[in-house]
Amino acid sequence: MLTLPIYVAAALAEIAGCFSVWAWWRQGASALWLLPGLASLVLFAWLLSLSDADYAGRAYAAYGGVYIVASLAWLWAVEHRLPDRWDLLGAALCLAGAGIILLAPRGG
């Protein structure tokens, strides 16, 4: 199944794009940060459209769990803040929910 790697790549692209705005707006980085950020957000949207899900809403809902886990990885790897046990518990619950949404057997 290619969906999980697509969701992980989409999450990294979305977080990077949003972080470019954060860095510009909140941390005083150059407005030039917005250019790769915009490209990253376009990449995110394209990647998410490659999902195997039958419906966009279901793809986006399932992606949400992966996004949360990737955001906490970003918190740790880029912002050097270790997620606490509540972050990890919440992420595990969201990832379980995403799995149910994406993988549940559905009748035709």
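First, the burial terms: I call a residue buried under 20% relative accessible area, exposed over 50%, and partly exposed in between (1.4 Å probe, protein chains only). On that scale, 28% of the 108 residues of the protein come out as buried.

Ground rules next. This is a predicted model, in which local features need pLDDT of at least 70 and side-chain atom pairs count only at pLDDT 80 or more, while totals for chains, interfaces and linings use all residues. Residues are numbered from 1 along each chain as its sequence is written, and side-chain values use heavy atoms, with hydrogens and water left out.

**Overall layout**

I looked up the secondary structure, taking helices (H or I, at least four residues) and strands (E, at least two) as DSSP runs numbered from the N terminus. The protein has four helices and zero strands, and its elements read α-α-α-α from the N terminus on. Along the principal axes, the C-alpha atoms fill a box of roughly 50 × 35 × 20 Å.

For contacts I used heavy atoms within 4.5 Å. Taking the contacts between residues at least 6 apart in sequence, 65% join residues at least 24 apart.

Then the surface, with accessible areas from the Shrake-Rupley method and a 1.4 Å probe; for residues, only the protein chains shown count as cover. The protein exposes about 7,100 Å², and carbon and sulfur atoms supply 71% of that.

I also checked charges: Lys and Arg count as positive, Asp and Glu as negative, and His and the chain ends are not counted. Each charge is placed at NZ of Lys, CZ of Arg, CG of Asp or CD of Glu. I got 5 positive and 6 negative side chains, with the centres of the two sets 6 Å apart.

**A10, in α1**

What does A10 touch, leaving aside neighbours within four places in sequence? A10 sits in helix α1 and is in contact with F44, L47, L48 and Y63. A10 counts as buried because its relative accessibility is 0%. I also took the C-alpha distance from A10 to V42, 32 residues along the chain, and got 9.8 Å.

S40 is in helix α2. Its relative accessible area is 13%, so S40 goes down as buried. Not counting residues up to four places away in sequence, S40 touches A13, A16 and G17. From S40 to G99, 59 residues apart along the chain, the C-alpha atoms are separated by 25 Å.

S51 is in the loop between α2 and α3. Buried or exposed, I wondered about S51? S51 counts as buried, because its relative accessibility is 12%. With residues up to four places away in sequence not counted, S51 touches T3, Y7 and A59.

**The tryptophans**

I looked for surface patches, made of residues with over 30% relative accessible area and no salt bridge; like charges are joined within 9 Å, nonpolar side chains (Val, Leu, Ile, Met, Phe, Trp, Tyr) within 5 Å. A salt bridge here is a side-chain nitrogen of Lys or Arg within 4 Å of a carboxyl oxygen of Asp or Glu. V21, W24, W25 and W33 form a nonpolar patch on the surface, with about 450 Å² of accessible area together.

W33 is in the loop between α1 (3–27) and α2 (34–48), and at 41% relative accessibility W33 counts as partly exposed. W22 is in helix α1 and is partly exposed too, with a relative accessible area of 38%. C-alpha to C-alpha, W22 and W33 are 9.6 Å apart in space and 11 residues apart in sequence.

**H80**

Last entry: H80 has a positive phi of about 55° although it is not a glycine. H80 is in the loop between α3 (56–77) and α4 (85–103). With a relative accessible area of 62%, H80 is exposed.
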